[in-house]
Every structure is written in structure tokens, then in C-alpha cells.
Number of protein chains: 4
Amino acid sequence: MKISIVGITGYSGLELVKILNNHKKTELVSIHATKEVGRRLSEVYPYLTGVCDLEIEAFNAQKIMEKADLVFFATPSGVASSLAEEFVQAGFPIIDLSGDHRLPASIYEKWYKKSPAKEMILNKFTYALSEYTDVKDKKFIANPGCYATATELALIPLVAAGLIEIDSVIVDAKSGLTGAGKALSESSHFVNVHDNYVTYKLNHHQHIPEIVQTLRAFDADMPEIQFSTSLLPVNRGIMATVYCKLKKDVAVSDVASAFAKAYDDKPFVRVQDNLPELHNVIGSNFTDIGFAYNEKTNVLTVISVIDNLIKGAAGQAVQNLNLMQGWDETEGLLMTPSYL
Amino acid sequence: MKISIVGITGYSGLELVKILNNHKKTELVSIHATKEVGRRLSEVYPYLTGVCDLEIEAFNAQKIMEKADLVFFATPSGVASSLAEEFVQAGFPIIDLSGDHRLPASIYEKWYKKSPAKEMILNKFTYALSEYTDVKDKKFIANPGCYATATELALIPLVAAGLIEIDSVIVDAKSGLTGAGKALSESSHFVNVHDNYVTYKLNHHQHIPEIVQTLRAFDADMPEIQFSTSLLPVNRGIMATVYCKLKKDVAVSDVASAFAKAYDDKPFVRVQDNLPELHNVIGSNFTDIGFAYNEKTNVLTVISVIDNLIKGAAGQAVQNLNLMQGWDETEGLLMTPSYL
Amino acid sequence: MKISIVGITGYSGLELVKILNNHKKTELVSIHATKEVGRRLSEVYPYLTGVCDLEIEAFNAQKIMEKADLVFFATPSGVASSLAEEFVQAGFPIIDLSGDHRLPASIYEKWYKKSPAKEMILNKFTYALSEYTDVKDKKFIANPGCYATATELALIPLVAAGLIEIDSVIVDAKSGLTGAGKALSESSHFVNVHDNYVTYKLNHHQHIPEIVQTLRAFDADMPEIQFSTSLLPVNRGIMATVYCKLKKDVAVSDVASAFAKAYDDKPFVRVQDNLPELHNVIGSNFTDIGFAYNEKTNVLTVISVIDNLIKGAAGQAVQNLNLMQGWDETEGLLMTPSYL
Amino acid sequence: MKISIVGITGYSGLELVKILNNHKKTELVSIHATKEVGRRLSEVYPYLTGVCDLEIEAFNAQKIMEKADLVFFATPSGVASSLAEEFVQAGFPIIDLSGDHRLPASIYEKWYKKSPAKEMILNKFTYALSEYTDVKDKKFIANPGCYATATELALIPLVAAGLIEIDSVIVDAKSGLTGAGKALSESSHFVNVHDNYVTYKLNHHQHIPEIVQTLRAFDADMPEIQFSTSLLPVNRGIMATVYCKLKKDVAVSDVASAFAKAYDDKPFVRVQDNLPELHNVIGSNFTDIGFAYNEKTNVLTVISVIDNLIKGAAGQAVQNLNLMQGWDETEGLLMTPSYL
């Protein structure tokens, strides 16, 4: 299958290159960006010497549709919505890693403060959390956000089984700096991040409506959730620490059963006996989940960790590709966590 | 005033040396440890060359009482309780930075899993959170724990003013590695900490009963709190992120008033308009507090940051000394945060 | 081919597991250590859940020889020498990642301060820097040290072509903490490493004689070299910064030619146009080399970077295995650098 | 003494605020910048709440000369030269932390690629390395660069005493990110710096001519030096690793004597028995120096460490102020290294 990537110079685009390089059923045929056009990718990023020597091209929908069979959008929010329409009209498959096709237009506009895609385009996209969405033969995929992936995988089994007080959910989520993107800013300057810990966009993070929308598919009464996001002084990794109260008469063994039932047959979610650390998953497509219950406060703490660029972006995008095509779900994705 | 320090080679002991070096009313006359006895401190720690060239001595209560006017205990938990008795009997002033004299014997034993001090000794100690405790002319001070300091300063104004649902408190606290002490362990090995984020002692941290006990002095009905502790890959700093629900009819302006009333005249607590970062306070004795309210979830988020070795240990100990003696509360403690 | 690993719980042993997991021609059949015997590897290291669930066994030479076709030693220095003899006597293939079989006995003893292997055993081992040593059909391989690999790959083309003043070589090498091993020590405690940079074993590092011995194979007159080693506050990566003076009438284009000739057909050495950074190679088996010449001082600076656990240990060991067996040199080793 | 600072929002300007805040003989009366004019400094930098609440003003030479007795320039290179002239004409004292008044015009232009100050202005400035320059009653001070300070303090005693082969000097210097300034750039983006080590401006760093010029005052035959600069993934600190060959018949004890003679009476240079680490000096005005000799290669390694923002910038500037005024050299500068 021939693949094009739009937005090659962003972190997710580069990670797609890396993953597709070891994927047996795909061939990367063109890469596109607004910067560095005309240079080889390995010239701009010498670490890719011998890995990907394709030339960066300007975006050109017609050429992509001629050369490739599917396009990944790894562009910042607000870009894919304007470029995708032509492909959708032509029925050409898209996996969009950005937030542009995940939410209804009015909600997108409110949280992203950008013009939304058209409703008729949005309606054709399927929001695809790989472990829960049947994407077989779908053509237009909205790949979930990084924080959303970690949080939804932790909460869905509990919400779906009706185990928790749904108005008690508090999520304290932390991310490494690649999650904040590649743009230069005071908040990504080394000196300001190193030896620091900064909470940002409190109550305003654009993944909040995505999470709530997903959970409502499992319990229509799900209210808003309390959701904090902070920057860890590391490059990769998200930990979502989820606090919630158990419903009366729910035992911690019910929690264990719900997670086992949800994930025992899922190759990329590992329910652990202990609370997972970031190191568990960095460099891999795994989500590790652990939990602990406090009898005195009736609070269940669930910890979910992912590599934000892999399971939280490029890895899940390829997982969705594998599922769309009916290939082995794990093709190209069996990287062992780097750990050390 | 002549000062001795017992436990000089721990992080808090070394930080005391640093602070007392710029304190105009004290003179450090002896330093004690079980290791490195007979060597000059600056020989063991060359960064202290010219700052403190005293020789490390074995512990000797009689000699300390002869040479000094007050002793700081900066020993690990379980040590001060066995050494302090002789000083207490003799009426010789102590400021204990360890956890040994903060809790009733039975609670101490349960959470620290160590033998407690005798009740008659414990009864003579005053737990002294500098901003709330009158220590004038007290002789035996139990200095608060680092997590406890950050959390109590964030919660007391709210609990005291009756603004929050007291059974809704969830604290997600994070600390740098100096908070985990100097002992070698897998969990403090560089490779295991760097690029990682690890939640530990969930529901079991020994500062939990200390916090609850302190809050109960402001509201006797205060129940247990949900309290998480995690290790940040930095050397210094604690952030306590406190989540709680506001009582009906409480406005966010009431919260602002409560904090202003509590801290406007306190030199070391700064209520900030924005959410504080670790960088705000590292290297100083300040506690910075900020908050944000979410109308949709009725959750108030309060963020409190301290330098765990200064306001969370040696700095507050010297602040307590200043207050005991009726000196200027800020003597020796006006270090500007290093920030960069 | 069936493989056993002795020393599974060290950093190199764990990295071997990771690499062999994606190697098509090998099967890992047993793993051995002195600690954690009887537990599954994934129980001790949850990040390996689903990757390697083998049980850790005590060392047993006979059982290894029955079950496996080749054994990797990933033990600390001083261990392999005592365990390897039985295998050598039996003609059973070994790749030793430790320093035990790289040097003549007297030199080993002087630099490692440990008892050396027997001369008759040492004589059977081949020191194998993959790019320079023909290991086809060899049975006993001494895998090079991490600093030595980075330094030798930078210097050999220059020494072999007679381009530099051989008594002018100064190497300022830096390593991440995994290079210092897994043992707990003051020098690997997070607080002592973070925000620090420490030069250690100056003039005494045990890789010095290994480098000199290797270079003498290309110029018998090669004298001792000046070699410094420092710890960078990162987990992985070595940079060897090599300074040397060019011989009279040598042009910088001769340097470029020498490197091109040495490495144009080598899949894992990439000569770059710019000075390489650690990020270039972390997570991969690549060595990236760049250089710059200063006309005013006649000093050539060569910078060589590797991932110390991969090209500097487990990766090169598998590369040597591939070469021994006549397999594709890159089998199992085409990991893209993680970069971000 | 009344002080103004121009360039308050840069790292050196902020560090000056911090130091002057604890200086007994000075009062900060105005602070100037091109950004954030009209806002209080503590509003822009909340960590300075209660430390410095002055309002940031636009630059105005006349107003500064009316209100203050001396001005510090903490501006980027190329700025001070255009602003200083008016003060020089009026005989108003300046301490310039930038590189604008350190070098002859032609050399400045070549290395900084910017327009130089006028020769007649340059001639009035004294380059002042505090330990070597008599600045008593001088009015116009060019404060040394950070790399230059660390390197010169390591080399001057050796060059002055004629102990080393002057054409053998190779300096491998490393700096934390605050040394690279506050401007946003790819090279200061957290993701690009963290877990990396990058050599930059090899053979082109603008501190090279400053170092050579200084050394030539001690040996007129001093040739160019080989000088490398790299970025360490830390915020603060420089280590200069100096390699040089000893002249024939020079003993290592001569080296020790030369350092002792140079620095025994200098309060801010500490010659250590062991090789110093960055931790030795961070947060302080100290320079720590250690050395080791290799008999086999006849190479002397000297390691010199400083805090680049203190001894390498604001601290040395205040030290020069103290010396100009005939005050105690250590006034305001006795900060203990933070170490942890």
C-alpha cells in the first residue's frame, strides 16, 4: 500500500516515517510540508540518513492521489480541515492525526478557537480509538488525541460497566514536551522547562470535549470531567492519573474484572499488577494501566501511561491503518519500550 | 546563639549549614553524623570549602549541651526519637526536622513502621507550621514534613473558612528527588528516575496523618484525604495540586478573600494571580499559591509550590527558630529563588 | 539459532533481549542471572510484559550447552572469565560483552584490578570491532567496549592512512549513565548526576589499553593516548571528541577521503557533513562521525557518537553474531534512532 | 550607591537583580528594557514578587544619569556599543556585561559579525578579570565572557609561570543553556536539548580572541588556541577542560605551586585537590579548579568550573563593582553553592 504523509516535519510526521520504515505492507511514496521543500528529509534530519531519503514536496492533493493509496495528515490543528476536503470528495482514504475531524463543528470552534471543517465532511470521519472502534473498511479516520487516548483507555471500562460515580472523575494528566509540539515558544524553551513543572490550560484543554464525547457513548449521562494538564521535563510520555469514587457495593475485584474483560485480548493494552511508570511504555505502542483503591476515602486511582508520539499519535494511526485493512493489528508496531 | 546540627550529612543538614552561614544571630559550633566522623565537612563536600570547615563529630549529647544553645535534628525518621530524650529531660532546646515528634505514638507506629518516641516526650513537642503556630518561647519544635507543608498551606484557609466540601479533597503531589533522601536505592538510581515519572506510596505516605491531624484543628470533622505522591525527575521542589468542591453558595471571590486574609501579612507565602510553577520558589523559603475554579465541575484547583529542602525542611526550621527567639522572621531566609 | 544470555538483569542483557526479540534468525531459549532467579523476566521488568516472559535461571553451563547454540555473556567484568572456560573447552560459541577477553592477562590485571582469564583461553578469543574484524566462522568473540568503539571508529581511518601526528591524540569522551552500569553508588544517585557534569577515572579508564592495542594494529608506533571520560546527565549515548594534529602536507580532503573509503560500504557508520549530536544515534546501531579542521592551530576535531548500549554493547554483539554466521549484517538491527 | 540596569529581562540582568538585592552598599533605582515596558518586574516574573517590584522603563540615558551613580549593561552583543557612548562622554560609570567593549574594533567585527564600538570609546574601557585586573577608580569596565572567565582562570597561572608548551593548548568547554541566551531558537527548544549533547561554533566562538588576547598579556608569544564549545542539558554551569603539555623539566608540583601562588589570597577561586564538578559552584561566585597530570602522555588536564550567570556574568560584574569602589570584594557575593 502506497502512503503519503502531509506535515512531515512535525513530531508526529517524523514518527510515522520511523514506524512505516519497519512496516511490511506499506511503502512511503511522498512526504509533504510547507518548510524545507526540495530538500531530502535526511538532509534536514541527519539521523534519518539511510532511513528516509525522500525529498520533501509542497502539498499537492492531485499528485498525492495519483501516487499514493492513502494519506496521513500530521499537520497542526486548523490545517487538515482545509486540505482534506478534496480527498474526501474523491473518496481517497485519510487518517488525520490532528484534532480537526474529531468534534462537531460548534464544539471544535469553541475549544480550538479556529474555523471548523464543514459538517458534511466531519460526518464522513470516524473517531477511532483502536481498542473500541470498528474501522474495518472505513475510509476517513480521525485519530484520537494523546491525552484523550490515555484517559479514555483508563475510564471506558469503568464507565461502560457502571462501576464509578460519574460526577466524581478528576484527571491529573502530565505530558512530555513533544506533546506541546515543535513550535518555538517561551513555554518550550529549555531553560523554562528543565527543573520545572508547569500546569497549563487548566480547565481549557481541547482534549476535554473529545474525552467527554467518547465517554458519553458508554454512558449518556456522563457529565463534564475535571481535567488538568501539566508539562513534565521529559521529551516523551503521558501519564493520566484518574481519580474517581466507586459506586456503592462495587468491589475492587469488579474493577479488576472490568479491565481484564476490556483488554485481555488487546495486544497493546497491558493491565499491570502495579502502578505503571512512564518508562514502561516509552518507545512503544503499549498503554499500561494499573490501579489502587483507598477504602478510607472510597477513591479509586487509575494510572494510564503511553508514549504520546506512538500510542498517542503515529502508532495508533498505523494501528488504525492495520485494522482498516484487515492486516495483523500489530504489524510494524512491536517495538519494545526503550525503558533505559 | 550557638547551634549544633545532628545529621549533618543528610540533605536537610547540609541545607541548614548553607542557611545558617548567612544568618546574623547564630553561630554553628558543632556538626554531628555517624559517617565521615573526624573529617572536615568541606573535605567531604568540597563545594563547602571556605563556607564550613568544621570537623564532623560523633554524636555526644553532653558535649552538645555544653557547647551549644540549641540543637537541630536532621536525622532520618526513627533516629531523633532515641537521641532527643536526654535533651528534653535537661530542658535543652530542640528543633527536630524529622517525623519523629509530629504524631501521637500509635499513629506514628502505624505509618512509619518504627518504634515511636515516648508519649511524655511527644507531649512536650509543638508541631510548628510557621504561619499558623505560635512558637514564641517554645523549647521543643517538631518541624513539619515537606509534602505536609505545601498541602497544609494550600488547604488551611479553605478549611478554616468552611468554604469546601471536606470529603471531596484529592491531593496529587509531586516532589523532586532530594525529597526521597540520600540513601542509595533502585528508586533513586539516575537511570530509573531520569525521563520517568513514578507514583509511589499511594495511599500510604506517612505525611497523610500529619496533614489530616493539622486540618482537624481547623475543622474537627475533617475526614481522611486522598493523597498521591510522585517523583519528578528534578532535584528540588514540591508541587501539591489540590482538588476540592466548593460548598453551595461559595463564590470564587470568597476563596480569594480567604487566601488574602490568611497570607497578606506572611512574608513567605505569596498568593499569585496565576498558577505557580516549581521555578517560582526553588532556592528560596517562599510558598507560592495560585488557584482556578471550574464552574462546570464545581472543582477548585489550588496549586502550592515550595522548595522541599528550604520551606519544606531547613528554611522553615530556621523560620521557627527566628519566631521562637522573637527575631525578625525573615532573618537569614531572604534568598531570591534561583529560577533559572 | 538458539541463544542463551548470562547476566540478563544488567543493562546490556536487557538490551540484548530487546534486539533479539526482532531478530528473525534467533530464538532466545534461556536467560541467567544471580538475582531474581525463578521469576519471569516480565515480572521483574513489567515493561517486557508480552515481550519476554522467560523465567530467570541460575547459571548452569551444561544446561546452556544442551539447550542453546550460542551464549552471550553480559556480565560485569571479572565474571565471564571464570564462567567461560567450560564453554571454550567444549568448543561452544561465546560472544562476551564484558572486558574479560579483550586484553592480554597482564594488561587486564593492571587496568581492571581483577584476576585475568587464562592465557590459553584468551588466545582463543577474537576482539571484534565489526567494521574491521573478519569474524566469519570464529567461535569466541570479545565484543569491544563502548568508549573504545566510538573512539576506534573515529581514529582508525586516520591512523591507518597515516594522516595524523600520532603523539598528538587527545580524546575527550562523554557518556550517559547506563554506561556506568546498574550498581547503586553515590556517583549514580540521581541527585548527584542531575544538573551535573563529572569527569572520572581521568587517565585511568580501562578502555584506554583496548584503544591503544587496536590502533597499534594499524600503526605499530602508536603511543599512549590522552583519554578523558565524563558523565553526562542523560541515560544513553557516548560522544567521543577526538583532537589531533594533521601531518605536514595532509589536506582536509585527505581526511574526507579516508573516512569515505573506510565507511562508504559499512551500513552502520554514517559519515556526516556536520558535527553529529547524541540525538543522531540514540536507540539505533549507528555510529555517526563528523569532523572539522582548524587551520590556525592545525587541529582536526573528529566527533563520533553512538548509543552505548547498542553499537557500544548489545547491538554490536548481534552485528558480530550476524557476521559470524554469514547472515545479513543488519538483521535485527535496523532500528531508527528515536531522536525525539 | 544608586544603580540602574539596562537589559533587565535577559538572564544576566535578572541575575544582577538577585545579587544586588542582598548587597548592602547599593540600591537599585531603575531597570530598563525594550520589552514589557511599563509593567512591574514581579508582574512579568512572579518569582520576584516582594524581591523587586520596580517598573520596567524604556532606555533613557539622561534619566539614568540623573537617578543613578552607575549603570550595568546586560544587553545582547551589539546593543551596548550604541548606547554607551553618551555615558562615556559624560564620564558616567559603566560596567558592560556584553562583549561590546572587550576587543579591538577590527577583531570584534570579525568574530561578532556586528558593527564595533568606536575606537576612542573602546580605549576608555578596561577588560576586568577580577582576579587579575586592578580596577580601583576605573570608570568603564568590560566584564569578561563566561567561557573566557573559566578558561583564563585555568590558564593564566600556567602561562604566566612559563610551565606549558603554549602551542599545545586544547580547551574542550561545555555550558548549560542559560549561556546560550534567552532568544527562542531550534537550538534552545527543550526537545532538541534534553538528552542531547551538541557541539557548536567549533573554531568560531567569539570568546576565542578574548582568551588569546588576555593570555598574550602574560606571554606575548601565545598563539591561537584550539577551543570547542558544547551545550550540556542543564540550565547553569560551565566546565572548561584544558589540555596542555608541560615544558621539559616542569614537575606537577610546579603546577600546584603556580595555582597556589595565583589564588591562595583570592576569595572566589578555590584550587581543589580533586577534579571539580559543576555542582561545586552552581549558585555561587566561586571558580573551582583542579588538575591531573598524565606521565605517559605528558598532558596536564586542568578543569575549571563556574556558574556562567554568576562568576561568568553578574557575579563578576558586582565583584568588579566592589573592587572599583574599594569595598569588600565579597560584598553581596557570599552565596553558598546550591549543590543539590
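These legends go with a set of close-up views of a predicted model. Local features need pLDDT of at least 70, side-chain atom pairs count only at pLDDT 80 or more, and totals for chains, interfaces and linings use all residues. Residues are numbered from 1 along each chain as its sequence is written, chains are lettered from A and ligands numbered from 1 in written order, and side-chain values use heavy atoms, with hydrogens and water left out.

**View 1. The annotated domain of chain A.** An unreviewed UniProt entry puts "domain: Semialdehyde dehydrogenase NAD-binding" at residues 2–140 of chain A; such positions follow the numbering used here, feature names are shortened, and annotations may be inferred rather than shown by experiment. This stretch is 31% helix and 17% strand, with its end C-alpha atoms 16 Å apart. Helices (H or I, at least four residues) and strands (E, at least two) are DSSP runs, numbered from the N terminus.

**View 2. B:Glu131 with B:Lys311.** These two form a salt bridge, closest N and O atoms 2.9 Å apart (a side-chain nitrogen of Lys or Arg within 4 Å of a carboxyl oxygen of Asp or Glu). The pair links distant parts of the chain, 180 residues apart: B:Glu131 is in the loop between β6 (126–127) and β7 (140–142), and B:Lys311 is in helix α11 (residues 310–325). B:Glu131 is buried at 5% relative accessibility, and B:Lys311 is buried at 0% (buried is under 20% relative accessible area, exposed over 50%, partly exposed in between; 1.4 Å probe, protein chains only).

**View 3. C:Arg102 with C:Glu210.** Here the salt bridge has its closest N and O atoms 3.1 Å apart. C:Arg102 is in the loop between β5 (94–96) and α5 (105–112), while C:Glu210 is in helix α9 (residues 207–216), 108 residues apart. C:Arg102 is buried at 8%, and so is C:Glu210 at 0%.

**View 4. D:Glu15 with D:Arg236.** Their side chains meet in a salt bridge, 2.7 Å from N to O.
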